Amino acid sequence: MPNSTSASPDAVYASSTASGDTLLEGGKLTVSAGGSALATIVSSGAIASVASGAFWSGTILSAGGAESVASGGIARATIIGSSGSETVAAGGTVSGATLSSGGVLAVAAAGSALGTLVASGAGIGVSSGVFWSGTDLNS
């Protein structure tokens with residue numbers, strides 16, 4: 001798996017792992033069920049997609065980078081930078097995220113956010129029916 005990708009889509013399939021990738025503007029990395037991605041940097045204009053049954057850990061969403069977590073997907077220890085965004089669908093889980101000033105974390109109904117650190121100036125969106133636990137609002 002290449003360590004950087006530009007506008008071409010890339011995918012990680014079951015039993016495979018991507019490690020240390022940097023997604024540049026226009027790049028997209030989708031991890032399918034049973035696959036994992038570790039220490040991925042998502043730059044402005046790039047998209048990381050966590051499918052059902054996939055596992056991501058240590059993702060850094062730079063300014064303008066985006067990550068979406070599908071139902072059954074797990075994203076752990078994500079750092080959401082200024083203008084970065086993470087969206088968690090119903091049935092998806094984000095754990096140990098750090099939300100920087102200007103970053104956005106949106107969790108749909110029946111999604112989960114556990115152990116989130118929210119800095120001053122960050123935005124969180126919580127729908128009805130979300131499980132949100134262990135949040136630290138840092139001023």
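I started at T59, which sits in the loop between β9 (55-57) and β10 (60-61); strands here are DSSP runs of E, at least two residues, numbered from the N terminus. This is a predicted model, so I kept to its thresholds: local features need pLDDT of at least 70, side-chain atom pairs count only at pLDDT 80 or more, and totals for chains, interfaces and linings use all residues. Residues are numbered from 1 along each chain as its sequence is written, and side-chain values use heavy atoms, with hydrogens and water left out.

Is T59 buried or exposed? T59 counts as buried because its relative accessibility is 0% (buried is under 20% relative accessible area, 1.4 Å probe, protein chains only). Beyond four places in sequence, I found T59 in contact (heavy atoms within 4.5 Å) with T40, V42, E67, A77, T78 and I79.

Next I looked up E67, in strand β11 (residues 66-69). E67 is buried but has no salt bridge (Lys or Arg side-chain nitrogen within 4 Å of an Asp or Glu carboxyl oxygen). The nearest side chain of opposite charge is R76, 12 Å away (Lys and Arg count as positive, Asp and Glu as negative; His and the chain ends are not counted). Outside four places in sequence, E67 touches residues including W56, T59, L61 and E86.

Then β17 (residues 104-107): L105 and V107 make up the covered face, V104 and A106 the uncovered one. Four bridges join β17 to β14 (residues 85-88) in parallel, with L105 as the bridge partner of E86. β17 also pairs parallel with β20 (residues 123-126) over four bridges (pairing takes at least two DSSP bridges), and there L105 stands opposite I124.

How values were computed
Buried means under 20% relative accessible area, exposed over 50%, partly exposed in between (1.4 Å probe, protein chains only).
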